[in-house]
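Colleague: I am new to this structure and would like to learn how to read it. Could we go through it one feature at a time?

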Amino acid sequence: LISAIAIEKFSSTLGVLLKSGIPIVRAMEAASKTSESVIFSEKIEEAKSKVMAGAPLSESLQQTELFPPLVVQLVTVGEKTGNFSDMLEEIAKFYKDVIDVAVTRFTSLFEPLVIMFMAVIVGSLLVGMFLPIFKLASAGGA
């Protein structure tokens, strides 16, 4: 999930910056800073230096070993077709959907635990309230 969030932030930021006409090296600098992961930022900086040396972005991202093959392939297609920023936005949309599904699954798995916890709390309160009444009733009847 953390990786998906980092990829989504990076690709959406890079796509928007490239679409607005910012050069790829400056866009990569800005996009690397959007990630809260230090490791991810460092790897993007390494990829940026390879791009500055003349390597394609897809090859540079593949060498970081942080990006799944799907992302690398989509970036390669974007480079070859000239729709690079559009392809990055598609990657961002895909990972946004992945994040939404993961969060939904987590919360749906978490709900039964919360319900059981609340049942234990309410049950404990009920036992704590009625146990003294039952003790008084049984002590008074004997």
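Modeller: We can start with handedness: a crossing is left-handed if the near helix is turned anticlockwise from the far one by less than a right angle, and right-handed if clockwise. Keep in mind throughout that this is a predicted model.

Colleague: Which hand does the crossing of H3 and H4 have?

Modeller: The H3 and H4 crossing is right-handed. Helix H3 covers residues 38-52, and its axis lies 9 Å from that of H4, at an angle of about 145 degrees.

Colleague: Which residues make the contact between H3 and H4?

Modeller: From H3 come Lys 43, Ile 44, Ala 47, Lys 50 and Val 51, and from H4 come Leu 57, Ser 60, Leu 61, Gln 63 and Thr 64. Sorted by class, the contact of H3 with H4 has five nonpolar, three polar and two charged residues.

Colleague: How do H4 and H5 pack, in angle and in distance between axes?

Modeller: Helix H4 (residues 57-64) and helix H5 (residues 69-81) pack at an angle of about 170 degrees, and their axes are 8 Å apart. Angles over 145 degrees count as roughly antiparallel, so H4 is roughly antiparallel to H5.

Colleague: Which residues of H4 and H5 meet?

Modeller: On the H4 side they are Leu 57, Ser 58, Leu 61 and Gln 62; on the H5 side, Val 72, Val 75, Thr 76 and Glu 79. The contact of H4 with H5 divides into four nonpolar, three polar and one charged residues.

Colleague: What is found in the loop between H4 and H5?

Modeller: Glu 65 is one of the residues there. Its phi is near 65 degrees, which is a positive value in a residue other than glycine. Leu 66 is also found in the loop between H4 and H5.

Colleague: Is Glu 65 buried or exposed?

Modeller: The reading goes by relative accessible area: under 20% is buried, over 50% exposed, and partly exposed is in between. Glu 65 has 71%, so Glu 65 is exposed. Leu 66 has 26%, and therefore counts as partly exposed.

Colleague: Which residues does Leu 66 touch, not counting those up to four places away in sequence?

Modeller: Leu 66 touches Ser 3, Ile 7, Ile 39, Phe 40 and Lys 43 on that count. As for separation, the C-alpha atoms of Leu 66 and Lys 135 are 64 Å from each other, while the two residues are 69 residues apart along the chain.

Colleague: Let us turn to charged pairs. What is the general idea?

Modeller: Side chains of opposite charge can pair when their charged atoms come close.

Colleague: How many salt bridges does a search of the whole structure find?

Modeller: The search finds six. One of the salt bridges joins Asp 86 to Lys 19, where the closest N and O atoms are 3.1 Å apart. Asp 86 lies in helix H6 (residues 84-141) and Lys 19 in helix H1 (residues 2-19), so this pair ties together parts 67 residues apart in sequence.

Colleague: What other salt bridge does the side chain of Lys 19 form?

Modeller: Lys 19 also meets Glu 89 in a salt bridge, at 3.4 Å from N to O. Glu 89 is in helix H6 and Lys 19 in helix H1, so parts 70 residues apart in sequence are tied together by this pair.

Colleague: Where do Asp 100 and Lys 96 lie?

Modeller: Both are in helix H6, four residues apart, about one turn of the helix. Asp 100 is partly exposed, with a relative accessible area of 37%, and Lys 96 is partly exposed with 44%.

Colleague: Is Ser 85 buried or exposed?

Modeller: Ser 85 has a relative accessible area of 14%, so Ser 85 is buried. Ser 85 is placed in helix H6. Leaving out residues up to four places away in sequence, Ser 85 touches Gly 15, Leu 18 and Lys 19.

Notes:
Residues are numbered from 1 along each chain as its sequence is written. This is a predicted model: local features need pLDDT of at least 70, side-chain atom pairs count only at pLDDT 80 or more; totals for chains, interfaces and linings use all residues. Side-chain values use heavy atoms; hydrogens and water are left out. A salt bridge is a side-chain nitrogen of Lys or Arg within 4 Å of a carboxyl oxygen of Asp or Glu. Helices (H or I, at least four residues) and strands (E, at least two) are DSSP runs, numbered from the N terminus. Buried means under 20% relative accessible area, exposed over 50%, partly exposed in between (1.4 Å probe, protein chains only). Axes are lines fitted to C-alpha atoms, for helices over the stretch in contact, and angles run from 0 to 180 degrees between N-to-C directions. Angles under 35 degrees count as roughly parallel, over 145 as roughly antiparallel, 65 to 115 as roughly perpendicular and the rest as oblique. Contact means heavy atoms within 4.5 Å. Ala, Val, Leu, Ile, Met, Phe, Trp, Tyr, Cys and Pro count as nonpolar, Asp, Glu, Lys and Arg as charged, and the others, Gly among them, as polar.
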